[in-house]
Amino acid sequence: MTEINTIGATASITAVELAEARVARREQRKLPKWAHWRNWLPTAVTFAVAALLWQVIAITNPYVLPTLDAIWTSLAGDPAMYWANFLVTLQEVVIGAASGIVAGFLLAVVMAEFRLMERAMMPLVVVVMVTPIVAIAPALVVAFGFGMLPKYIVTALVVFFPMLVNSLAGLRDVDVRALDVLRTLHASRWEIFRDLRFPGSMPYVFAGLRIALPLAVVGAAVAEFVAAGQQAGLGSLVTTSAAQANLPVTWASITLLCVLGVMLVALLAVVRKRVLWWSDGDVVAR
């Protein structure tokens, strides 16, 4: 009898523990995804190790890298200068990237609807894309002057090709059965594009944007490196400070370029989650 009571008490304790474990799991599920330590701790450890290695290299080789506190001191010492140059680069990225994205998508629509246009224009597009941007930028300065226009064009060219390729793949990757149904119903070309091709291409378009937006920051910086004239922007600040061997300013400017790229990617992730709520997953960029 005593053994039976003991077994019953043990079973009761086990049941209570299981119930508490279920409650704890429910509480964990209520927490936002980023609050779970598995999601942020590995990244935090990686950045901490990278910062430690940076500091060791900077202290032992002061002419190779500045210390992190020197970079922070530079940023905090003259925030107005960095902010003004940050806004110039941001303007180049927004205008140039928007132009390249719109142009790439519109040309993809034309190529998807008319195969003859693809055969006619794709070779020329490939020739332009394989031409080094560093070689094109000075020629653009000669053609369009020393203002902002050459930098917009360079940034647009950098993002144009990935947007074109991904958008074209998305516009053609349609559900054949749905396409047959629409054609059976005598849907017009515009109706097929509006109801089938355009919505179905969105995962590919966002995959292209995920490539294009970081490249836009690279394109703007390269344009500021090689396009003579207006000395403004983070890329120009990197060039000027590097020529003066001012490592804290150089790396502070590079840090802001990285921050700009991360901001764009994070904003894109938020927009994608809202727009593609129906998507099962990411489409790998082709």
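Leaving aside neighbours within four places in sequence, which residues is Phe225 in contact with? The legends below take up this point and others in a predicted model.

View 1. Phe225 lies in helix 9. Beyond its neighbours within four places in sequence, Phe225 contacts Gly235, Val238 and Thr239. The C-alpha atoms of Phe225 and Gly235 are 5.7 Å apart. Along the chain, 10 residues separate this pair. Phe225 has a relative accessibility of 38%, so the residue counts as partly exposed.

**View 2. Thr239 in helix 10.** Thr239 is part of helix 10. Thr239 is also one of the residues in contact with Phe225. The relative accessible area of Thr239 is 37%, which means that this residue is partly exposed. Between the C-alpha atoms of Thr239 and Val226 the separation is 9.5 Å. These two residues are 13 residues apart along the chain.

**View 3. Packing of helix 8 with helix 9.** Helix 8 spans residues 176-184, and helix 9 spans residues 189-226. The crossing of helix 8 with helix 9 is right-handed. Helix 8 brings Ala178, Leu179, Leu182 and Arg183 to the contact. Helix 9 brings Ile192, Leu196 and Arg197. By class, the residues of this contact are 5 nonpolar and 2 charged, with no polar ones.

**View 4. The largest nonpolar core.** This core has 42 residues. Tyr82, Val93, Ile101, Leu164 and Leu209 have the most contacts inside it. Several helices give two or more residues to the core: helix 3 (68-77), helix 4 (79-113), helix 5 (115-130), helix 7 (149-172), helix 9, helix 10 (234-243) and helix 11 (247-275). In soluble globular proteins, nonpolar side chains tend to be buried together.

**View 5. Surroundings of Tyr82.** Tyr82 is among the residues with the most contacts inside the largest core. Residues up to four places away in sequence are not counted here. Tyr82 touches Ser74 and Leu75, as well as Leu234 and Leu237. Pro248, Val249, Ala252, Ser253 and Leu256 are also touched by Tyr82.

**View 6. A second, separate core.** This core has 6 residues. Val174, Leu182, Ala187 and Leu196 are among them. Leu182 and Leu196 also take part in the contact of helix 8 with helix 9.

Definitions and conventions
Residues numbered from 1 in each chain as written. Predicted model: local features only at pLDDT ≥ 70, side-chain atom pairs only at ≥ 80, totals over all residues. Heavy atoms only, no water. Axes fitted to C-alpha atoms, helices over the stretch in contact; angles between N-to-C directions. Helix = DSSP H or I, 4+ residues; strand = E, 2+ residues; numbered from the N terminus. Left-handed = near helix turned anticlockwise from the far one by under 90°. Contact = heavy atoms within 4.5 Å. Nonpolar A, V, L, I, M, F, W, Y, C, P; charged D, E, K, R; others polar. Core = buried A, V, L, I, M, F, W, Y, C linked by side-chain atoms within 4.5 Å. Buried < 20%, exposed > 50% of the residue type's maximum accessible area, 1.4 Å probe, protein only.
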